Amino acid sequence: MEKGTILFHEKFKFKNGELGEKLLIVLNTPDLKKGEPYILCRTTSQENNKPKTFGCHEKLSLFVLPAKQDFFEKDTWIQLHEVFPFEPTTLLQDHYNKQLSVLGKLKDLTIRQLMNCILKIRDISVGYKKMILRK
């Protein structure tokens, strides 16, 4: 898996402990030799008064993708206020347990735009940003 990969997790564990279905985006291509985790973020198609304008909304830690501009059929908000480190072995185990599947990949241009957005966002730690923004 590499930066921009879109995953579907059937039993994603939310902060409140609940499990649910979630579309996720891989934000980095980890250096596995250094033991780096995959850094993932959630997506949502629930508008709930979020901006609909394409692109980066740094103050809200969101990146907006209008319907059918890239992979997603619906307007989609990439949620960057919270990122999740996953060990490669955990993702592999979830895949073998049929809880995680690869659905596709963002276009290269979208990935570059998303990375430029991440540069501006304050909610992601410097350590994670280094892993995410590395070429």
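A residue counts as buried under 20% relative accessible area, as exposed over 50%, and as partly exposed in between (1.4 Å probe, protein chains only). This is a predicted model, where local features need pLDDT of at least 70 and side-chain atom pairs count only at pLDDT 80 or more, while totals for chains, interfaces and linings use all residues. Residues are numbered from 1 along each chain as its sequence is written, and side-chain values use heavy atoms, without hydrogens or water.

Seven strands form an open sheet in the order 4-5-6-3-2-1-7, with antiparallel pairing. Helices (H or I, at least four residues) and strands (E, at least two) are DSSP runs, numbered from the N terminus. Two strands pair if DSSP finds at least two bridges between them. Strand 4 (55–57) and strand 7 (100–105) each have a single partner strand, so one side of each lacks a neighbour in the sheet.

Now look inside the sheet. Strand 3 (residues 38–44) and strand 6 (residues 76–86) run antiparallel, joined by seven bridges. Cys41 has Val83 in strand 6 as its bridge partner. Cys41 is buried, at 0% relative accessible area.

Helix 2 (residues 108–120) packs on the sheet and touches strand 4, strand 5 (62–65), strand 6 and strand 7. Contact means heavy atoms within 4.5 Å.

The structure holds one disulfide, defined as a pair of cysteine sulfur atoms within 2.5 Å. Cys56 is joined to Cys117 (S to S 2.1 Å). Cys56 lies in strand 4 and Cys117 in helix 2, so the pair ties together parts 61 residues apart in sequence. Cys117 is buried at 1% relative accessibility, whereas Cys56 is partly exposed at 27%.

Methods:
Axes are lines fitted to C-alpha atoms, for helices over the stretch in contact, and angles run from 0 to 180 degrees between N-to-C directions.
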